[in-house]
Each structure stands twice: as C-alpha cells, then as structure tokens.
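Have the viewer open as you read.

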Amino acid sequence: MVSSVTTPSTNGADQPAHYVIYGAGGIGATIGARLYRQNFKVTLIARGEHGRVLQEHGLHFVAPDCDEILQIPTVLHPQELIFDDSVIVLMCMKSQHGLVALEDLSQVAPAHTPIVCVQNGVVNERQSLRFFPNVYASVVILPAVFLQPGLVVSHAANKGGILDTGRYPQGLDSCAEKINADLESAGFSARPDAQVMRQKYAKLLINLANVLQAGLHDAIDARDLSLALRDEALACLAAANIDCMDKNEAKRRRDGVMLDTHVLGHDRSASSSWQSMQRGTGDIETNYLNGEIVLLGRLHGVATPANEACVAMATKMLAEKLGPGAYSADWLRAKVAEFSGP
C-alpha cells in the first residue's frame, strides 16, 4: 500500500463538529439521524423528491429503539451551505454518484475540509484525494432500508452499525480520532483504524453478492455463483498485492457488536443494490463493486468471468428498465460460461 504523503489534519479537532451528510439515503440518513438525536450539528444534502420531503416534512426515522420525525436541516446542493472549520463532510452517496458530487463540493468547500468516504467499494477515497488532501475511509456495516422519500428504517440493534474510520491511504490523526469518538457517542461502533482499507476490501468481498440479490429471482440457489465471485476477487487481490482483512478477523470484528433485527411494520429488504432497482433509480453500484474486480483482473491478468457476467447482467437490467429479480441463476451461469471462453 502507498504511504500517505499529506500532513495529518487537525481541522476541527478542538471544536464541536458540524457533520454535513452528503447523500442522505439509507446510510447517510441513519448516520445523520443518530448524530442529530445526540445533539450534534447536522446538515443533510439530499436530491430530488427525497430532499424536498426532508425539507418540508422532516426525516421519518424508524429503528428498533425509536420512531420519530426529525427536523434535520436539509439542502439540495452543497452550494447552499456556508463552510467553516467545523465542517466535516461524510460522503454517503453510492459510488456511481461520487465524482459529480466531488466536483460540486470542490467548488464551494475549502480545500482543507475533511472528507470521509462512508461508502461501499474502494474507489471513492482515491477519487476524493484528487480534490481534497484530507480524506478518510470508513467501513460501512449498517443495515438500512430506503424505499420511499422521507422514510429510512434502520434494522440495527445494540449498536447502530460499524463505522471504523481512519485516514486514507493509511494512518490516524486527531480528526480521525474525533470522528470515531463522535460516531461512538451517537450509538455506532466506531474504532480508529490506521489500516481501514483492509476492512473495506473485506467488505467489498461481501458486497459482490449484492447484484445476485438484485438480479436473480432465485438468488437463494446461487451459492456457487457467490463463491465464484469471491474466489475471483481473492485471486485479483493477491495478484495486485492488496492487503485484505481475512474473513476470520472480519468476523471477530462484527460478532456481537450489531444485531440485525426486525422492526415492527417494516420488512428487512435485501441489499442496497436491490433497493436501487426497486426504487427505479436508473442506476446501480455494480460497476464499482464487481466492476472493481473486473478492473483488477484486467490489470493483472486474472480471469473474472463471474464478475464480468454480473456487470453485464446489471447493465442489461438498466438498459431494459427491469425491476429486481428479472433473471434466473441458470441464465447467469450461462452468461458466466460465455465470458469464460472456449
């Protein structure tokens, strides 16, 4: 892993933070709600109808321990904000929206603003570093459902989720320590991690199966495909010499910390990719999850037919405006065979 060459940030370390949640969907709104309920200063940035509902009616936040309407200040674009040294931006949009969000943010936020990538995938931190020198990575293990404007449901009990955070590409500083402490006080499990990208790559391995839940109506019978996705990814990470937390260490970090539980009146939906297809957003994160493995495979000469087939399936779903569960596991197996070649 490349060593950090930037000066550790002390921005905002000696004053209460103003957390700007950029992308107030399932993950962002859950984090924003729990920070707000503990009296932190929070502003949400949300798009479209969801943003308008948040502005006019507030966030309806439901969790095992609460069911509340929270009047969290909300804007539709970062240009509506006034930035000062207390602002810490949590980037919570999906990866496919990250570049445009960074371009907009860079036009109004001071260069020294801490940027925390609270996102799945591993592309966001490197992309953020093109725009801002003080970038932080946060692993996201947080079950949340966002299917209609203004309503977010968290299914996490005991702790609201796991959000270990460290400086990118590695290291810790006073700002990282502050972020973790604030998230802990808001009800999350957040431990400073100087090598947090190891955790993010381990989470990527889990997220590779998101597209199976989104695309297959019989995903429960697709364990062989899920294993193939993971095996290809592990081969790519080894070829690229990328350090990834092994599954036993990752399991020890998660065990007993957060309980994924039922919330009365709100079913636990599938992955965020399934939720995107269900909401008909017109995009899906597959290119930044399975596509990351395809990219590594092409860079390092590792075959990735299963991940390539999943990217192709997601592309086809979007092109044909299909909802979740449009294909069968056998259809995808045949597609994997096509990408495997003769």
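Which residues of helix 11 (residues 290–300) are buried? They are Asn 290, Gly 291, Glu 292, Ile 293, Val 294, Leu 296 and Gly 297. Buried here means under 20% relative accessible area, with exposed over 50% and partly exposed in between (1.4 Å probe, protein chains only). Helices (H or I, at least four residues) and strands (E, at least two) are DSSP runs, numbered from the N terminus.

Before going further, a word on the ground rules. This is a predicted model, so local features need pLDDT of at least 70 and side-chain atom pairs count only at pLDDT 80 or more, while totals for chains, interfaces and linings use all residues. Residues are numbered from 1 along each chain as its sequence is written, and side-chain values use heavy atoms, with hydrogens and water left out.

How confident is the predictor? pLDDT is its confidence in each residue, from 0 to 100; the chain averages 93, and 95% of the residues score at least 70. Over residues 1–8, though, the pLDDT is below 50. Where pLDDT is low, the predicted coordinates should not be read in detail.

Back to helix 11. Its buried residues pack against helix 6 (196–207), helix 7 (210–215), helix 8 (223–239) and helix 12 (305–319).

Now look at Asp 173, in the loop between strand 12 (165–167) and helix 5 (174–185). Asp 173 counts as buried because its relative accessibility is 7%. Its side chain reaches the backbone nitrogen of Cys 175 at 3.1 Å, and a polar atom of that side chain lies 2.8 Å from the backbone nitrogen of Ala 176.

Finally, the holes. The structure holds 2 cavities of 30 Å³ or more; a cavity is a set of points on a 1 Å grid over the protein atoms alone where a 1.4 Å probe fits but cannot get out, and lining residues have an atom within 4 Å of a point. A volume is the space filled by probe spheres set on the points. The largest cavity has about 70 Å³. Helix 6 gives the most to its lining, with 4 residues, and helix 9 (247–254) also supplies at least two. Among the lining residues are Gln 199, Lys 203 and Arg 253. The second largest cavity holds about 30 Å³, and its lining includes Gln 119, Lys 203 and Asn 207.

Note on methods:
pLDDT is the predictor's confidence in each residue, from 0 to 100. Contact means heavy atoms within 4.5 Å. A polar contact is a pair of N or O atoms within 3.5 Å; within protein, one must be able to donate a hydrogen and the other to accept it, and residues adjacent in sequence count only if both atoms are side-chain atoms. On a 1 Å grid over the protein atoms alone, a cavity is a set of points where a 1.4 Å probe fits but cannot get out, and a pocket is an open set with protein on both sides within 12 Å along at least five of seven lines; lining residues have an atom within 4 Å of a point.
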